[in-house]
Amino acid sequence: MHTLILGAGYSGRHIAAEAARVGTVCGTRRTQAGVAELEGLHIPGCVLDAGIDDRLLAELARVTHLVVSVAPQRELPLSDPMLDLLRPLIPAGGSPAAGTPFTSLQWIGYLSTIGVYGDHQGDWVDETTPCSSTQTRSLARRDAELAWQSLARELQVPISILRLSGIYGPGRNAVADAIVGRAHMLIKQGQYFNRIHVKDLATATLLAAERGFDGVLNITDDQPAAPQDVIRYAHELVGKPAPEARDFATADISAMARSFYSENKRVRNELGKKALQLQYRYPDYQAGLSDIWQAIQQRKSDGS
């Protein structure tokens, strides 16, 4: 199993670490400095920016499991930088010759978002729920899902569309925000968000790869929660008072931040757990944040 991760950023690095347990792996970054960062984490890397060099061509020829962790442009019509680079490498008829890109390909994983479901006024959604978002970024993401599914059909390989909720984990979480006083608490009654710990995301991706899952799965925790509940819990952990609550309706926030609150839903994850035989290590934000806080305390105790 040789896994190539297009866009080995925060999520991709964790997927790479998981993939390295069962085979070989390579991650792409846009700059040589980014590749050096990967290699500092013992993850082989190569540069992928505006074009494909010989090193990446060699990776594409040997890849068995391709993970796409690069978002499309947020405007319509669809502009997906990875599709734009890779599609010209596919021969007519979708049957690569030996030694050419995708010769060994067995599976594609595309990291998408639960944002494609749109607003459901706090009701539950699952993989059968129509994608009804009116946000341009989510419409572009849905078009990208369909385009990657089309490419997978051309190559005659299964594709997992993994719709992710809000990603958090080491270095990117409400506990870190609480420690440095970075959190802002907006209150919008009845608002829910789902989350996913990056380590659970990585585990789910590898399980989908190993099983060759073909279809759409929600990769999200068990417990949708109001954002203020998460902030308060994080501050309780670190022993600080929560920030002053602000009413969402009158708060001075960016248009982007306001757009995230315009869609409200609770997302089911039962299909993913069944299809992948997946047990979440962090099934709710309390488990995830508590583990992060314990790790921080342990590092302090160790003097690191």
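A residue is called buried when its relative accessible area is under 20%, exposed when it is over 50%, and partly exposed in between, as found with a 1.4 Å probe on protein chains only. The structure discussed here is a predicted model, in which local features need a pLDDT of at least 70, side-chain atom pairs count only at pLDDT 80 or more, and totals for chains, interfaces and linings use all residues. Residues are numbered from 1 along each chain as its sequence is written, and side-chain values use heavy atoms, with hydrogens and water left out.

Glu145 counts as buried because its relative accessibility is 0%. Its side chain makes a polar contact with the side chain of Ser112, at 2.6 Å. A polar contact is a pair of N or O atoms within 3.5 Å; within protein, one must be able to donate a hydrogen and the other to accept it, and residues adjacent in sequence count only if both atoms are side-chain atoms. Leaving aside neighbours within four places in sequence, Glu145 is in contact with Tyr110, Ser112, Val116, Ile161 and Arg163.

Is Glu127 buried or exposed? Glu127 is buried, yet it has no salt bridge, a term that requires a side-chain nitrogen of Lys or Arg within 4 Å of a carboxyl oxygen of Asp or Glu. The nearest side chain of opposite charge, that of Arg163, is 7.5 Å away; here Lys and Arg count as positive and Asp and Glu as negative, while His and the chain ends are not counted. A polar atom of the Glu127 side chain does lie 2.7 Å from the backbone nitrogen of Asn218. Beyond four places in sequence, the contacts of Glu127 include Tyr117, Val216, Leu217 and Arg268.

After helix 2 comes His42, with a positive phi near 65 degrees.

The cysteines are considered next. A disulfide is a covalent bond between the sulfur atoms of two cysteines, and it is assigned to a pair of cysteine sulfur atoms within 2.5 Å. By this rule, the count is 0 disulfides. The sulfur of Cys26 has its closest cysteine sulfur in Cys46, at 3.7 Å, which is too far for a bond. Cys26 is buried, with a relative accessible area of 0%, whereas Cys131 is partly exposed, at 30%.

Finally, Leu289 illustrates sequence distance and spatial distance. Leu289 sits in helix 11 (residues 285-302) and is buried, with a relative accessible area of 2%. Leu289 and Tyr233 are 56 residues apart in sequence, and their C-alpha atoms are 8.4 Å apart in space.

Definitions and conventions: Contact = heavy atoms within 4.5 Å. Helix = DSSP H or I, 4+ residues; strand = E, 2+ residues; numbered from the N terminus.
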